[in-house]
Amino acid sequence: IDQNNIEADLRCLPVFLAGCQRLVVFCGSTYLSRLWCVVELFTFVQVGCKPENIEFELVLRQGHEDEDSASVDEAFAHFDARECSCYNQEDKDRMLGIVQAA
């Protein structure tokens, strides 16, 4: 997503993802806290792709593997899209509206 042209790329995101058979996610401790990341996962499934075709690869800091792994597990266990961060509140409101409408 081009951060300088978010509106245009957001409209194209379904097209980008519909052409994918698999989605590989490099998931670190902050992945599920970023709304753009979550919207990409949501869109992948909404365009008809199967959730089982999402492959999560953990990204763990050297020397902090246990801590980071526990953080990712915690993020999945208590996930709430409304708690995700987004630089622009207007973008956040728009994306959450799309998710809620689906």
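A word on the model before we start. It is a predicted model, in which local features need pLDDT of at least 70 and side-chain atom pairs count only at pLDDT 80 or more, while totals for chains, interfaces and linings use all residues. Residues are numbered from 1 along each chain as its sequence is written, and side-chain values use heavy atoms, with hydrogens and water left out.

Let's begin with the strands. Helices and strands here are DSSP runs, numbered from the N terminus, with at least four residues of H or I for a helix and at least two of E for a strand. Strand β1 covers residues 23-27 and strand β2 covers residues 54-58, and the two pair in the parallel sense over 5 bridges. For strands to pair, DSSP has to find at least two bridges between them. If you want a place to look, find Cys27, which stands opposite Leu58 in β2.

What do β1, helix α2 and β2 make together? They form a right-handed β-α-β unit, with α2 spanning residues 35-46. Right-handed means that, with the strands pointing away from the viewer, the path from the first strand over the helix to the second runs clockwise.

Now to the inside. A nonpolar core is a set of buried Ala, Val, Leu, Ile, Met, Phe, Trp, Tyr and Cys residues joined through side-chain atoms within 4.5 Å. Buried means under 20% relative accessible area, exposed means over 50%, and partly exposed is in between, using a 1.4 Å probe and protein chains only. The largest core here has 23 residues, and those touching the most other members are Leu23, Val25, Tyr31, Leu35 and Met95. At least two residues of this core come from each of α1 (6-18), β1, α2 and α4 (89-101). Which element gives the largest share? That is α2, with 7 residues.

Let's visit a few residues one by one. Tyr31 touches Val25, Phe26, Cys37 and Leu41, not counting residues up to four places away in sequence. Val39 sits in helix α2 and is buried, at 6% relative accessible area. Leaving aside neighbours within four places in sequence, Val39 is in contact with Leu10, Leu13 and Met95.

Ala81 is in the loop between α3 and α4. Is Ala81 buried or exposed? At 15% relative accessibility, Ala81 counts as buried. Again leaving aside neighbours within four places in sequence, Ala81 contacts Leu35 and Leu96.

Next, the rings. Rings of Phe, Tyr and Trp (its six-membered ring) pair if their centres lie within 6.5 Å; planes under 30 degrees apart count as stacked, over 60 as edge-to-face and the rest as tilted. By that rule there is 1 aromatic pair. The ring centres of Phe56 and Phe76 are 5.4 Å apart with planes at 90°, so this pair is edge-to-face. Phe56 belongs to strand β2 and Phe76 to helix α3 (residues 65-77), so the pair ties together parts 20 residues apart in sequence. Both are partly exposed: Phe56 at 35% relative accessibility and Phe76 at 39%.

Last, the charges. Side chains of opposite charge can pair when their charged atoms come close. A salt bridge here is a side-chain nitrogen of Lys or Arg within 4 Å of a carboxyl oxygen of Asp or Glu, and the count comes to 6. In one of them, Asp80 joins Arg82, with the closest N and O atoms 2.8 Å apart. Asp80 is partly exposed at 24% relative accessibility, whereas Arg82 is exposed at 52%. Another links Glu90 and Arg94 at 3.7 Å, N to O. Glu90 and Arg94 are 4 residues apart in helix α4, which puts about one helical turn between them. Salt bridges that share partners also join Arg61, Glu67 and Asp68 into one network. Within it, Glu67 and Arg61 meet at 3.3 Å, N to O.

Technical notes: Contact means heavy atoms within 4.5 Å.
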